[in-house]
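User: I'd like to learn how to read a fold from its coordinates. Could you walk me through one, feature by feature?

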Amino acid sequence: MATTAKRVKDSKIQEKFDKARGKEPKLKFSTRRHNRCKLCGRPRAYIRKFGLCRLCFRGLALRGEIPGVSKSSW
């Protein structure tokens, strides 16, 4: 399944549970919700603080597009 299809599927599941619960958007099982990278949709190696996977984070950090993050050297 393509990553965009996975994102669409996850959002449909989220909407379904939101409608079923009314104003309370809490899921029945917390493990059904996956954190996904905002750029590529990768579910693994997710960095919660930035909302990105490690691969996208590394690429953006090396290009200097993430403020406050720089490559370490010693």
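Analyst: Happy to; we will go from the overall layout to a helix, a core and then a single side chain. Please keep in mind that this is a predicted model.

User: How should I read a helix? Which residues of α2 are buried?

Analyst: In α2, residues 54-63, the buried ones are Cys 56, Phe 57, Leu 60 and Ala 61. Their directions fall within an arc of 125°, so they line one face of the helix. The face turned away from that buried side carries the exposed residues Arg 58 and Arg 63. Among the elements covering the buried residues are β1 (46-47) and β2 (52-53). Just after α2, Gly 64 takes a positive phi of about 80°.

User: Now the core. Which residues make up the largest nonpolar core?

Analyst: The general idea is that in soluble globular proteins, nonpolar side chains tend to be buried together. In this model, the largest nonpolar core has eight residues: Cys 37, Leu 52, Cys 53, Cys 56, Phe 57, Leu 60, Ala 61 and Ile 66. The elements giving two or more residues to this core are β2 and α2, and the largest share, four residues, comes from α2. Setting aside residues up to four places away in sequence, Cys 56 touches Cys 37, Leu 39 and Cys 40.

User: What about a charged side chain? Is Arg 36 buried or exposed?

Analyst: Check the accessibility, then look for polar partners. Arg 36 lies in the loop between α1 (3-21) and β1. Its relative accessibility is 16%, and the cut-off for buried is under 20%, so Arg 36 counts as buried.

User: Which side chain makes a polar contact with the side chain of Arg 36?

Analyst: That partner is Asp 10, whose side chain makes a polar contact at 2.6 Å. Leaving out residues up to four places away in sequence, Arg 36 touches several others, including Lys 6, Arg 7, Pro 43 and Tyr 46.

Conventions:
Residues are numbered from 1 along each chain as its sequence is written. This is a predicted model: local features need pLDDT of at least 70, side-chain atom pairs count only at pLDDT 80 or more; totals for chains, interfaces and linings use all residues. Side-chain values use heavy atoms; hydrogens and water are left out. Buried means under 20% relative accessible area, exposed over 50%, partly exposed in between (1.4 Å probe, protein chains only). The arc is that of the directions from the helix axis to the C-beta atoms. Contact means heavy atoms within 4.5 Å. A nonpolar core is a set of buried Ala, Val, Leu, Ile, Met, Phe, Trp, Tyr and Cys residues joined through side-chain atoms within 4.5 Å. A polar contact is a pair of N or O atoms within 3.5 Å; within protein, one must be able to donate a hydrogen and the other to accept it, and residues adjacent in sequence count only if both atoms are side-chain atoms.
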